[in-house]
Amino acid sequence: MIGRRKRGAAARSVSYSSSPLLASKTPPWRSKFLVALVGLGSCVLLGRAVHIQIVGNQFYLDQGEKRYAHELELPALRGRITDRHGALLATSVSVPSIWAIPKDVQASKEQRRQLARLLVVAPAELEKKLADPNARFAWLKRQVDETVWQQVQALGIKGIYETREYRRKYPEGESAAHLVGFTDVEDHGQEGIELAFQTELQGRDGSRTVVKDRLGRVVEAIGEQVDASNGQDIGLAIDAKVQFFAYQRVRDAVAEHRAKAGSVVVLDVQTGEVLALANYPSFNPADRRNLTGKQLRNRALTDTFEPGSTIKPFIAAWAMETGRVTPTTLIQTAPGSVTIGSSTIHDAHPHGTLTVAEVIQKSSNVGAVKMAMQMQPREMWELFTQVGFGQKPQLQFPGAVTGRLRPYKSWRPIEQATMSYGYGMSTSLFQLAHAYTVFARDGEVMPVSMLGQAAPQAGIHVLSPATARAVREMLRLAAGPGGTAPKAQTIGYSVGGKTGTARKQEGKAYTSDQYRAWFVGMAPIDRPRIVVAVMIDEPGNGMYFGGDVAAPVFSQVVQQTLRTLGVPPDLDVKPQIVATAVQESF
Amino acid sequence: MTRVNFLLALALLLSSLFLVRTAYDARRLFAELDKAKDDGARLDAEGKRLEAEREGQATSLRVERSAREKLAMRTATPAVTVYVHDGAAAGVGK
């Protein structure tokens with residue numbers, strides 16, 4: 001039985017020793033083909049190795065690095081904005097911004113309600129942000145206070161994180177808001193100095209590449225670190241104290257006269273620096289919700305109006321400069337009107353015969369027209385242009401307007417006449433203040449600057465010093481008893497200036513009950529240090545003359561500014577010191 | 001020969017373990033350094049924030065209000081100011 005099975009198995013298997021296949025001779029090409037195949041395979045492998053290690057090495061290195069390297073941004077700090085004494089007007093502080101990975105957020109209904117309350121967002125809005133289960137990132141609220149983040153942390157919700165961002169702080173708040181401006185949430189300047197000096201302020205972000213471990217800790221740095229270069233600090237010429245005081249005074253005046261708005265400009269005559277530029281209504285740069293255009297407008301630079309009587313000193317100055325008149329030349333202004341072509345120009349009160357000085361002091365339209373009509377239109381146009389009317393102020397600040405001064409070739413005689421008392425042209429309050437530096441600087445118009453000036457600038461020569469001094473004397477009379485603005489007087493400092501009052505224009509006509517009142521002047525009048533211009537828009541409680549509404553603001557601002565600048569009084573003051581200290585002996 | 005091989009294998013093993021240990025230490029120290037730098041930056045930012053806060057507390061508005069209301073001060077006018085000449089000041093030292 002066993003022997004039969006063995007035999008059967010042997011019959012089914014192949015007898016290798018006698019396989020006819022082995023007996024046949026292998027053709028030689030077969031082994032060669034195999035060797036060639038193996039050789040080719042080796043070549044392919046070698047080629048690939050060369051490609052990876054040598055030719056495309058960088059690509060693979062980069063690809064590899066991408067799998068484990070993280071690039072971290074090193075944010076640059078935005079530059080600070082300071083006043084002339086280094087007081088901060090704007091600075092960046094690091095604050096938390098809260099974000100979430102929506103699919104990881106696990107919070108109860110109560111927790112979500114509390115989170116919405118802490119972040120001051122509507123619960124529905126928060127739900128919407130967290131609703132997408134596939135989203136990997138969602139801002140919950142950017143730039144919140146430190147305490148808010150601490151409270152959010154205390155809720156203990158999973159999937160909510162913070163990242164650090166810079167937020168702008170404006171310590172001086174609304175008093176300097178128009179001047180300093182503000183930035184958006186991305187730290188880009190939107191208004192004011194923040195916009196004007198965006199490039200200088202912003203700086204450049206740096207970066208570093210690192211390897212992170214499982215816990216997200218940085219364990220190794222790769223390559224070179226590019227340091228962040230912080231933005232430059234901008235030092236303004238503004239004096240925060242003067243700015244604040246000017247803002248406060250104009251705000252009080254607007255409230256007192258139930259006016260719509262007001263502006264103040266203070267210029268340093270010696271250097272051309274802008275010491276203050278305040279507008280009311282203003283806004284709080286830290287809370288810009290519900291802002292209106294009225295609040296945002298930098299009226300001193302963007303609102304133009306017909307400068308009215310404040311132009312008359314320029315006409316008188318040019319008439320004196322060209323030898324047509326002297327301060328004592330008599331001009332007949334009776335009967336209080338003058339006819340040019342078919343139009344008649346009136347004085348508010350008839351004055352009779354006036355000297356040139358009195359024309360300015362009493363603000364006679366007829367007197368100004370009679371002086372102007374002796375001039376060529378070109379002369380007047382050149383004078384106006386040289387002092388900056390119809391020219392955009394050379395100021396590194398956005399939004400300054402040019403005002404309107406038509407080319408002299410198109411002036412009709414009546415237009416030349418009305419322009420001599422400031423109608424038919426327009427200017428901003430800033431331009432007006434700037435133009436008055438010509439009297440304050442003995443005939444030179446100063447270039448103005450928002451930034452601190454190391455050395456006094458050279459001005460453009462327009463009038464002779466003698467003419468400028470003569471006009472200053474007239475301005476002193478105009479702001480004195482018998483002039484139009486005795487309320488401009490201060491204690492201790494001599495002042496001079498000119499008022500302006502005008503009905504506001506609406507379309508092509510003048511309104512009957514809306515006025516604008518302003519005052520431009522300088523102090524101390526013999527050696528002026530500052531030019532101050534004040535404008536009150538639509539005073540609403542009966543008083544609307546520049547001398548009643550704007551001059552008191554001028555007086556207070558001048559007094560405070562000169563004291564802050566340490567200018568000694570030039571007028572004798574009756575001392576009110578009740579007790580005199582006994583000098584100590586050593 | 002076997003003994004040499006064995007010693008070499010042991011040395012290799014020890015060296016590898018040491019390498020692992022060193023790499024671990026390096027990473028740990030680097031992480032600490034990085035954390036310290038972060039803390040430094042955070043404190044710096046905190047300093048800036050406090051500086052801004054201090055400025056915020058010392059604004060003209062607040063100073064003026066405190067001076068008027070708490071300290072009952074008044075604005076100085078030339079009428080209540082004695083101006084001292086520099087010459088007199090120089091004489092004091094003598």
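Two residues are in contact here if their C-beta atoms, placed from the backbone, lie within 7 Å. With that in hand, let's walk through this predicted model, starting where the two chains meet.

The contact between the chains draws 26 residues from chain A and 20 residues from chain B. On the chain B side, two elements each give two or more residues: α1, which spans 2-57, and α2, which spans 60-69. The largest share of that side belongs to α1(B), with 10 residues.

Now turn to chain A on its own. Chain A is divided into domain 1, made of 72-103 + 131-235, and domain 2, covering 240-565. Taken over C-alpha atoms, the centres of domain 1 and domain 2 of chain A are separated by 44 Å. The two domains of chain A do touch: 19 residues of domain 1 are in contact with 20 residues of domain 2. On the domain 1 side, α8 (177-180) and α9 (192-196) of chain A are the elements that give two or more residues. Of the elements there, α8(A) gives the most, with 4 residues. The domain 1 residues on this side divide into 11 nonpolar, 4 polar and 4 charged.

Next, look at the backbone. Most residues other than glycine have a negative phi, and most peptide bonds are trans.

Which bond joins A:Y280 and A:P281? A cis peptide bond, with omega about 0°. A:P281 sits in the loop between β10 (274-280) and α12 (293-296) of chain A. Another cis peptide bond runs from A:A334 to A:P335, where omega is near 5°. The loop that holds A:P335 lies between β12 (330-332) and β13 (337-340) of chain A.

Positive phi values come next. A:Q143, which is not a glycine, has a phi near 55°, and its place is the loop between β4 (138-141) and α7 (146-155) of chain A. A:Q143 counts as partly exposed because it has 15 C-beta neighbours inside 10 Å. A:E538 also has a positive phi, near 55°, and lies in the loop between β21 (530-537) and α22 (546-549) of chain A. Is A:E538 buried or partly exposed? A residue is buried if 20 or more other C-beta atoms lie within 10 Å of its own. A:E538 has 19 such neighbours inside 10 Å, so A:E538 counts as partly exposed.

Terms used:
Residues numbered from 1 in each chain as written. Chains lettered and ligands numbered in written order. Predicted model: local features only at pLDDT ≥ 70, side-chain atom pairs only at ≥ 80, totals over all residues. Buried ≥ 20, exposed ≤ 12 C-beta atoms within 10 Å, placed from the backbone. Domains from an automatic or database assignment. Nonpolar A, V, L, I, M, F, W, Y, C, P; charged D, E, K, R; others polar.
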